[in-house]
Amino acid sequence: MEEPTLISLPGLLFGALGWFTLRYVIFGFFTVNQNERAVKTSFGRAQRLQTTTLDNPMAEHLRPDERERYRYPQVRVIPPGGPYFKWPWEKVYKVSVATETANLAFDPEDPNANRGGAMLDAVTKDQLNIGLVGQLRWRVAEQNLYAFLFGVKRPLTHVLAYFISILRQKIASFEAPAEAQRALPSGEGGAVNVDLKGAEGISINDLRKNLRDLNEQMDRECLSSAARYGIVLDASLITGIDPPADVESALAAINTAHNMVGSEVSLARAAADQKIVQSRRAVEIETLNAQAEVEPLLQLANQLSELKRNGSGPALLKAYVRNVKLQLFAKAKAAFLGVSS
């Protein structure tokens, strides 16, 4: 029988040293892509700076009672490039900072929620269940990577829930911006006020007509997400609001009637404006005609005044009157002369 081969101690040490060199020295180098940022930890602790999120302009959007709660340390961010090196007791966390898009109804924890991620349910101020369709653009805040990596366990799930809670609160209390009353000129020069608020008080109509205002309100309300969770909500785009099926036909009838009223009001305004413009032009034309008739008389008065100021005597004035009479006689077809007895 052959005796088993014994591994020598120097060979074992040499092999262990080679494995350590290959595993932790050669493979200890890493790079960071252009759309990535990295944070290095040593024994589980990130390399921190001397500042916190409260020293960053993003903290201006936090309420006073939230400032201490979301006071995260600033960490050293490794920029794109490399190669960089890490020791065996260090760990590198890479994060993509590219802008991403998420469906408004997407639930990372339950893909079947919100009708399979197709539509988000909400309740309006008049107790109607509606469906919302839209998108949300977001990106990781490079100035607050600590909150994204270590502050929240699942930051995307957390920030989506935060956004949806604010959106549902806005939907439940949304009111259309106050509009100026429209005035139509009457025949007596007064004004007839036309108030269409009775046709615009339906919450779904208000939401549909003011989607841009709703999106802007959501953008303002979510400015603190960067300081809270390390995620910047670039823009929210709510593209559709679907009413319940049982009230859709009633809403269509109301909207049709409202559009007819608005059309009639617009036509009446256009007709009144046209009459006003025509009246103003007629007044301008008559004023110009009157000025054209008065202008020769004014010129004649100026000439007579000039002759009087020159002091040329009554002979010059008589000659001027004679010339004027001759011009009139030249234009006249017949002349009647008086004969004194």
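# Close-up views of a predicted model

Figure 1. Strand β2 (residues 36-42) pairs with β3 in the antiparallel sense, over two bridges. One of the residues involved is Thr41, whose bridge partner in β3 is Ala46. The two strands belong to an open sheet of three strands, ordered β3-β2-β7, with antiparallel pairing. Its edge strands are β3 (45-46) and β7 (90-96), each of which pairs on one side only. The protein has 341 residues, of which 30% count as buried. Among contacts with a separation of 6 or more, 77% are between residues 24 or more positions apart. The protein exposes about 23,000 Å², and carbon and sulfur atoms supply 56% of that area.

**Figure 2. Helix α4 and its buried residues.** Helix α4 (residues 155-173) has 19 residues, which at 1.5 Å a residue should span 27 Å; the end C-alpha atoms are 27 Å apart, so the two values agree. Buried residues of α4 include Val159, Leu160, Phe163, Ile164, Leu167, Lys170 and Ile171. An α-helix has 3.6 residues a turn, so residues three or four places apart point the same way.

**Figure 3. The largest nonpolar core.** This core has 50 residues, and those that touch the most other members are Ile130, Leu132, Phe163, Leu167, Ile171 and Leu233. Elements that give two or more residues to this core include β9 (120-123), β10, α3, α6 (203-209) and β13 (231-242). Helix α4 gives the most, with eight residues. Apart from residues up to four places away in sequence, Phe163 touches Leu104, Leu136, Met218, Cys222, Leu233 and Ser236. A second, separate core has five residues, including Phe30, Ala38, Ile78 and Val92.

**Figure 4. Ala141 and its surroundings.** Ala141 is found in the loop between β10 (129-140) and α3 (145-151). The residue counts as buried because its relative accessibility is 0%. Leaving out residues up to four places away in sequence, Ala141 touches Ala226, Gly230, Ile231 and Val232. Ala141 and Val97 are 44 residues apart in sequence, and their C-alpha atoms are 7.3 Å apart in space.

**Figure 5. Two buried asparagines, Asn56 and Asn114****.** Asn56 has its place in the loop between β4 (48-52) and β5 (73-75). With a relative accessibility of 18%, Asn56 counts as buried, because the limit for that class is under 20%. Neighbours within four places in sequence aside, Asn56 is in contact with Gln74 and Gln143. Asn114 is in helix α2 (residues 113-117). Its relative accessible area is 19%, so Asn114 is buried too. Not counting residues up to four places away in sequence, Asn114 touches Ala105, Met119, Leu120 and Arg168.

**Figure 6. The salt bridge between Lys170 and Glu221****.** The closest N and O atoms of Lys170 and Glu221 are 3.5 Å apart. This pair links distant parts of the chain: Lys170 is in helix α4 and Glu221 is in helix α7, 51 residues apart. Lys170 is buried, because its relative accessible area is 16%. Glu221 is partly exposed, with a relative accessible area of 37%. Salt bridges that share partners also join Arg63, Asp65, Glu66 and Arg228 into one network.

Figure 7. A search of the whole structure finds ten salt bridges. Side chains of opposite charge can pair when their charged atoms come close. Arg63 is partly exposed, at a relative accessible area of 45%, whereas Glu66 is buried, at 1%. Arg71 counts as partly exposed at 46% relative accessibility, and Glu68 counts as exposed at 55%.

Key:
Residues numbered from 1 in each chain as written. Predicted model: local features only at pLDDT ≥ 70, side-chain atom pairs only at ≥ 80, totals over all residues. Heavy atoms only, no water. Helix = DSSP H or I, 4+ residues; strand = E, 2+ residues; numbered from the N terminus. Buried < 20%, exposed > 50% of the residue type's maximum accessible area, 1.4 Å probe, protein only. Contact = heavy atoms within 4.5 Å. Areas by Shrake-Rupley, 256 points an atom, 1.4 Å probe, with all protein chains shown as cover. Pairing = 2+ DSSP bridges. Expected span 1.5 Å × (residues − 1). Core = buried A, V, L, I, M, F, W, Y, C linked by side-chain atoms within 4.5 Å. Salt bridge = Lys/Arg side-chain N within 4 Å of Asp/Glu carboxyl O.
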